[in-house]
Amino acid sequence: MTGQERSEEKSECVSLSPMMEAVPAPPESERVCVFGTGDMGRSLGLRLLQAGYGVVFGSRRPHSSSSLIPHGAQVLGHAAASQSAHLIFIAVQREHYDFLVPLANQLKGKVLVDLSNNLRKNQYPEANAEYLQSLVPGAEVVKGFNTLSAWSLQNGPSDANRQVYICGESVEAKQAVIAVAIKLGFSALDQGFLSVARELEDFPLQLFPQWRLPLRIAIGLSAAFFFYLLIRDIIYAYVTQSKDISFRIMVSLANKVCPIVSLIMLSLCYLPGVLASFLQLYRGTKYRRFPDWLDRWMLCRKQLGLLALGFAFLHVLYTLIIPIRYYVRFKATERTVSVIRENRTTQFDTTTAWRGDSYLSLGILGFGLYVLLGITSLPSVINTLSWREFSFIQSKLGHLTLLLCTAHTYLYGWNRFLSSSTYKWYTPPGYMLCLVLPSVVLLLKLLLITPCVDRTITRIRQGWERGADQRNPKDSQPLIP
């Protein structure tokens with residue numbers, strides 16, 4: 001017998017508090033065991049205690065670990081702790097699984113919940129849970145709780161992350177783990193057999209999976225319009241007029257790219273919904289799946305909208321600093337001095353004033369609704385809204401936001417659309433290009449809300465199918481007069 005094993009035998013009855021010895025132990029069905037006293041193990045133990053479970057920690061050094069574990073829990077050696085409960089959480093890394101091999105006989109028939117994760121994908125030839133099952137073949141191994149952090153375990157249902165993914169071979173073992181997860185305030189999702197464990201272990205290693213496509217779109221649009229405007233504004237002036245205005249790259253050029261990308265990405269949020277409606281209208285049924293590309297597009301609309309809001313914020317900030325720029329102050333002073341020297345007077349143009357005030361007003365209103373859309377996409381706000389309220393804000397007010405921002409851009413162009421000097425090197429300005437997509441989306445949406453089309457789509461979404469009229473003529477009613 002090794003020194004470590006003798007130490008574990010001597011410390012089998014060590015507890016956190018002397019008062020615990022006087023309290024009768026709860027029945028085994030209400031006791032759980034946690035192997036590991038690190039952050040994850042302690043957080044899980046605390047949450048289990050708060051839910052009413054009796055918790056026993058298994059540690060290789062029970063004496064030194066007794067000051068770390070939550071108050072109310074016991075800490076024993078691994079051998080003694082494994083005998084105290086039927087359900088055991090393995091909150092240790094795969095590299096330290098060797099201590100379980102001598103306990104294989106004691107763990108026979110028990111449920112082992114593997115919480116481990118890896119540092120990178122495909123770090124080992126098999127999943128950690130499968131490796132654990134090979135070390136303890138007599139136990140029922142269930143993969144679960146690995147997608148939660150120590151913070152979410154402590155905070156439970158108050159945290160945004162509530163889902164617990166589990167997998168395993170035994171239905172009874174998975175049901176036992178699901179019961180614990182539900183009692184802790186989480187929602188458990190059974191993902192199937194233990195062969196799915198590798199996929200579950202890859203979940204925590206994913207870096208913003210829903211943001212990848214929106215980020216690629218944002219970066220691609222930003223780079224494309226930056227170089228496009230760089231050629232039109234900076235290089236064109238240098239080639240044709242020998243003027244070096246490269247300093248405008250930092251603010252002026254950026255302040256053109258941000259609103260262009262913001263408006264296009266806002267349009268991309270609502271374009272898939274419009275396409276889906278026309279697809280249902282064309283098919284005459286809602287019982288057919290959308291194409292995969294449309295499904296993926298619709299799933300990342302929230303991320304597209306938040307990135308669009310971020311570019312809109314940058315546009316507002318860049319606009320606010322315009323009056324303090326050296327270039328703007330210099331041009332304003334030069335213009336004033338020129339008017340004084342030439343003894344000229346300028347008349348107030350009411351049309352220009354209306355255009356400028358309308359342009360700014362629409363921009364402010366559009367940005368205000370923009371912010372409202374962003375706020376209502378937060379989980380804490382979504383939970384306070386009914387589905388009808390959420391749909392009204394995200395759909396009705398969302399399209400109104402798109403309309404205001406598009407009108408804001410049209411007023412910016414005003415009558416310059418017809419001026420030949422606007423088309424440098426026969427290329428249209430960036431704001432003209434960015435108006436194409438939102439204008440198309442708004443026109444298509446206008447078609448969808450016309451009474452005849454809207455009535456047809458509403459009936460389709462309520463379960464009506466075009467082919468059903470031919471099968472049952474009694475149910476046939478004219479939809480479009």
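# Sheet, helices and cores: a quick chat

Me: Which residue stands opposite Gly-58 in strand 3?
Reply: Leu-76 of strand 3 stands opposite Gly-58. Keep in mind that this is a predicted model.

Me: How many bridges join strand 2 to strand 3?
Reply: There are 3 bridges, and the two strands run parallel.

Me: What about strand 1 and strand 2, parallel or antiparallel?
Reply: Strand 1 and strand 2 are parallel, with 5 bridges between them.

Me: What does the chain cross through from strand 1 to strand 2?
Reply: The chain goes through helix 2 on the way. That β-α-β crossover is right-handed.

Me: Where does helix 2 lie?
Reply: Helix 2 covers residues 39-50 and lies across strand 1 (31-35), strand 2 (54-58) and strand 4 (87-90). Against strand 2 it runs at about 160°.

Me: Zoom out. In what order do the strands form the sheet?
Reply: The order is 3-2-1-4-5-6-7-8. These 8 strands form an open sheet with mixed pairing. Strand 3 (74-76) and strand 8 (187-190) are the edge strands, and each pairs on one side only. On average, neighbouring strands are turned by 30° against each other, direction ignored.

Me: Where in the sheet is the antiparallel pairing?
Reply: Strand 6 and strand 7 pair in the antiparallel sense, over 2 bridges. There, Val-142 has Gly-168 of strand 7 as its bridge partner.

Me: And strand 7 with strand 8, parallel or antiparallel?
Reply: Strand 7 (residues 163-168) pairs with strand 8 in the parallel sense, over 4 bridges. Tyr-165 has Leu-189 of strand 8 as its bridge partner.

Me: How many bridges between strand 5 and strand 6?
Reply: 4 bridges, in the parallel sense. Strand 5, helix 5 and strand 6 together make a right-handed β-α-β unit.

Me: Which strands does helix 5 lie across?
Reply: Helix 5 (residues 128-135) lies across strand 4, strand 5 (111-114) and strand 6 (140-143). It runs at about 170° to strand 6.

Me: New topic. How many residues are in the largest nonpolar core?
Reply: The largest nonpolar core has 50 residues. Ile-264, Met-265, Leu-304 and Tyr-370 have the most contacts inside it. Helix 10 gives the most to this core, with 15 residues.

Me: What does Tyr-370 touch?
Reply: Leave out residues up to four places away in sequence, and Tyr-370 touches Ser-262, Leu-266, Gly-305, Ala-308, Leu-309, Ala-312, Thr-401 and Cys-405.

Me: Which residues does the second core include?
Reply: That separate core has 30 residues, including Phe-57, Val-75, Val-142 and Phe-186.

Me: Over to helix 19. Which of its residues are buried?
Reply: Helix 19 spans residues 451-461, and its buried residues are Val-453, Thr-456, Ile-457 and Ile-460. They cover an arc of only 95° around the axis, so they are on the same side of helix 19.

Me: Why would such spacing line residues up?
Reply: An α-helix has 3.6 residues a turn, so residues three or four places apart point the same way.

Me: What do the buried residues of helix 19 pack against?
Reply: They pack against helix 10 (252-283) and helix 18 (436-448). Just after helix 19, Gly-463 takes a positive phi of about 115°.

Me: Last one, helix 16. Leu-411, buried or exposed?
Reply: Leu-411 lies in helix 16. It counts as buried because its relative accessibility is 17%, and the cut-off is under 20%. Setting aside neighbours within four places in sequence, Leu-411 is in contact with Arg-355, Ser-358, Tyr-359 and Leu-362. The C-alpha atoms of Leu-411 and Leu-362 are separated by 9.1 Å, and the two residues are 49 apart along the chain.

Me: And Gly-413, buried or exposed?
Reply: Gly-413 is buried, at 0% relative accessibility. Gly-413 is also in helix 16, which covers residues 387-413. Its C-alpha atom is separated by 7.6 Å from that of Tyr-431, 18 residues apart along the chain.

How values were computed. Residues numbered from 1 in each chain as written. Predicted model: local features only at pLDDT ≥ 70, side-chain atom pairs only at ≥ 80, totals over all residues. Heavy atoms only, no water. Pairing = 2+ DSSP bridges. Axes fitted to C-alpha atoms, helices over the stretch in contact; angles between N-to-C directions. Contact = heavy atoms within 4.5 Å. Buried < 20%, exposed > 50% of the residue type's maximum accessible area, 1.4 Å probe, protein only. Arc of directions from axis to C-beta. Right-handed = clockwise from strand over helix to strand, strands pointing away. Core = buried A, V, L, I, M, F, W, Y, C linked by side-chain atoms within 4.5 Å.
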